[in-house]
Amino acid sequence: MRVALFLTCVNDTLYPDTGRAVVRLLSRLGVEVDFPSGQTCCGQAHYNTGYRHQAEPLARHFAEVFGGYEAIVTPSGSCGAMVRELYPRLGERASAEGRGDTLARTLSPVVPRTYELTEFLVDVLGVTDVGAYYPHKVTYHPTCHGLRGLGLGDRPRRLLAAVRGLELAELPGAEECCGFGGTFALKNAEVSAAMGADKVRNAESTGAEVLCAADNSCLMHIGGMMSRLRTELRPVHIAEILASTEEEPAA
């Protein structure tokens, strides 16, 4: 199978190791991975802050860059949800404004072929044991877009449960938002910080060494709170855990 890696802006700029982990993991499972160099922002930041029309050219560009692939895999629930949930709305709104169905027809092919990493592994490849080894105690935070937008359900936990050496600890209040929410963290900083602190304290109560999630934007926020609260916990993207083996261990 030939797939495209949709890395996303945050990962490309701040967390390139997550992208490398996805490539190692999928290659180990026999998947041919391309990284289309023309990829840019999917438009989520624009759309979520009210600049819907400005998001449209970015969505068109996404469809042009990724249109020729069997599957588009992203290590980001939020950007995956942008394509799957909100690209159809962009097309619908354009049509409702009397601009025809061109945008909808342009975007529709990539919508069903875009997968968050864990759903691609479980639903498309049909695997939960990916041959990973990670000898640490881990707790898992289900991020909002993955949980509520994409409906990832227990897929990430099933993958983590199959990792050799990993002890999975239940996170109290797991389904509560970490407080990031993109520009929410800027516009409502005090509320955002309080929610992040609650998430970190709940994670600390599990005795875990690592808090993992499927979205580095949320892990960036949680990691900032960990630093300020001087905790021993570390934020790690699930892709890096799943890519870890005894021969090539992740930290």
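The model is predicted, so local features need pLDDT of at least 70, side-chain atom pairs count only at pLDDT 80 or more, and totals for chains, interfaces and linings use all residues. Residues are numbered from 1 along each chain as its sequence is written, and side-chain values use heavy atoms, with hydrogens and water left out.

The domain assignment of the protein gives domain 1 (2-124) and domain 2 (137-243). Such bounds come from an automatic or database domain assignment. The C-alpha centres of domain 1 and domain 2 lie 23 Å apart. Contact here means heavy atoms within 4.5 Å. By this rule, 28 residues of domain 1 are in contact with 21 residues of domain 2. The area buried between domain 1 and domain 2 is about 2000 Å². Carbon and sulfur atoms give 63% of that area. Buried area is the accessible area (1.4 Å probe) that two parts lose on being put together, summed over both. On the side of domain 1, Tyr15, Thr118 and Val122 lose the most area to domain 2. Together they supply 22% of what that side buries.

Ten residue pairs are in polar contact between domain 1 and domain 2, both residues of each being at pLDDT 80 or more. A polar contact is a pair of N or O atoms within 3.5 Å; within protein, one must be able to donate a hydrogen and the other to accept it, and residues adjacent in sequence count only if both atoms are side-chain atoms. Four helices, α1 (9-14), α2 (16-28), α5 (77-96) and α7 (117-124), each supply at least two residues of the side of domain 1 that touches domain 2. Helices (H or I, at least four residues) and strands (E, at least two) are DSSP runs, numbered from the N terminus. Helix α2 gives the most to this side of domain 1, with seven residues. The residues of the side of domain 1 that touches domain 2 divide into eleven nonpolar, nine polar and eight charged. In this grouping, Ala, Val, Leu, Ile, Met, Phe, Trp, Tyr, Cys and Pro count as nonpolar, Asp, Glu, Lys and Arg as charged, and the others, Gly among them, as polar.

One salt bridge is counted between domain 1 and domain 2. A salt bridge is a side-chain nitrogen of Lys or Arg within 4 Å of a carboxyl oxygen of Asp or Glu. Asp123 pairs with Arg155 in a salt bridge, with the closest N and O atoms 3.0 Å apart. Side chains of opposite charge can pair when their charged atoms come close.

The whole structure holds 14 salt bridges. One of them joins Arg2 and Asp34, with the closest N and O atoms 2.8 Å apart. This pair links distant parts of the chain: Arg2 lies in strand β1 (residues 2-5) and Asp34 in strand β2 (residues 32-34), 32 residues apart. Arg2 is partly exposed, at 35% relative accessible area. Asp34 counts as buried, at 19%. Buried means under 20% relative accessible area, exposed over 50%, and partly exposed in between (1.4 Å probe, protein chains only).

Glu167 and Lys137 also form a salt bridge (3.9 Å, N to O). Glu167 lies in strand β6 (residues 167-169) and Lys137 in strand β5, so the pair ties together parts that are 30 residues apart in sequence. Glu167 is partly exposed at 46% relative accessibility. Lys137 is partly exposed at 23%. A network of salt bridges links Arg52, Glu56, Arg60, Glu97 and Arg99.

Thr139 sits in strand β5 (residues 137-140). Thr139 is buried, with a relative accessible area of 0%. A polar atom of the Thr139 side chain lies 2.9 Å from the backbone oxygen of Ala169. Not counting residues up to four places away in sequence, Thr139 touches several residues, among them Ala169, Leu171, Val210 and Cys212.

Two residues other than glycine have positive phi values. For Thr8, phi is near 85°. Thr8 lies in the loop between β1 and α1 and counts as buried at 6% relative accessibility. For Arg230, phi is about 55°. Arg230 is found in the loop between α12 (216-229) and β8 (234-237) and counts as exposed at 73% relative accessibility.
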